[in-house]
Every structure is written in C-alpha cells, then in structure tokens.
Amino acid sequence: MYLETHVVNVSLPKMAPFGDDEPPFAVFYERDELAGDSTNWWGPNLSCLLRMLRAAGFERLEVLFHSHGANWHGRAVVRAAVM
C-alpha cells in the first residue's frame, strides 16, 4: 500500500519507552482547523503514523517522502507491506 497523508511536525523530547524514536503524537482537529476542512480530524506525527501502520499489520514500512512544512503542517508518503 502507498499512503500519502498529512503529518504533524513537532519536536518532542526523547522518552524512555520509545528509545531513540520520536514519541508518537497526534493532534485532534475539532472543527476545520486543518486546511479549512471539517473532515480532517486527526494529524499524527511520523512516529505515530508508522506505529499505527505496524499495529494494523503492516510489517515492512518505507518512508518515501517526509516534508517538514511550517506551522506543523507536513506531508508523508509511506510504502507499507505485509510479509
């Protein structure tokens, strides 16, 4: 599967349970805070996105693109596969 999506770009301090990975983090958009679209409810950071894909059963993940946009707004493209 190829997944292209919004990701939240925010720097978080390292935390013991997550080792060297950035802690997973998601923002909830109550109304239309993300691009004026009321159907956009969640914005995960890249670490959260990858963990959600693994939890859904995808074992091989490759980040093909990750932009570091301003104001937390970035994009990511991930190739995900099951073994």
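Tutor: We shall take the aromatic pairs, then a surface patch, then one histidine. Please bear in mind that this is a predicted model.

Student: How many aromatic pairs does the structure hold?

Tutor: The structure holds 2 aromatic pairs. One of them joins F28 and W41, whose ring centres are 5.9 Å apart with 80 degrees between the planes. Planes over 60 degrees apart count as edge-to-face, so the F28 and W41 pair is given that label. Ring pairs also link F28, W41 and W42 into a cluster.

Student: Which parts of the chain does the pair of F28 and W41 tie together?

Tutor: F28 belongs to strand 2 (residues 26-28), while W41 sits in the loop between strand 2 and strand 3 (42-44), so the pair connects parts 13 residues apart in sequence. F28 is partly exposed at 42% relative accessibility, and W41 is partly exposed at 46%.

Student: Which residues make the nonpolar surface patch?

Tutor: Y2, L64 and F65 make this patch of about 330 Å². L64 lies in strand 4 (residues 60-66) and is partly exposed, with 38% relative accessibility.

Student: Is H6 buried or exposed?

Tutor: Buried means under 20% relative accessible area; H6 has 7%, so H6 counts as buried. H6 is placed in strand 1 (residues 2-8).

Student: What does the side chain of H6 join through a polar contact?

Tutor: The side chain of H6 makes a polar contact of 3.2 Å with that of Y29. Leaving aside residues up to four places away in sequence, H6 touches several others, including L34, W42, P44 and W72.

How values were computed: Residues are numbered from 1 along each chain as its sequence is written. This is a predicted model: local features need pLDDT of at least 70, side-chain atom pairs count only at pLDDT 80 or more; totals for chains, interfaces and linings use all residues. Side-chain values use heavy atoms; hydrogens and water are left out. Rings of Phe, Tyr and Trp (its six-membered ring) pair if their centres lie within 6.5 Å; planes under 30 degrees apart count as stacked, over 60 as edge-to-face and the rest as tilted. Helices (H or I, at least four residues) and strands (E, at least two) are DSSP runs, numbered from the N terminus. Buried means under 20% relative accessible area, exposed over 50%, partly exposed in between (1.4 Å probe, protein chains only). Patches are made of residues with over 30% relative accessible area and no salt bridge: like charges are joined within 9 Å, nonpolar side chains (Val, Leu, Ile, Met, Phe, Trp, Tyr) within 5 Å. Accessible areas come from the Shrake-Rupley method with a 1.4 Å probe; for residues, only the protein chains shown count as cover. A salt bridge is a side-chain nitrogen of Lys or Arg within 4 Å of a carboxyl oxygen of Asp or Glu. A polar contact is a pair of N or O atoms within 3.5 Å; within protein, one must be able to donate a hydrogen and the other to accept it, and residues adjacent in sequence count only if both atoms are side-chain atoms. Contact means heavy atoms within 4.5 Å.
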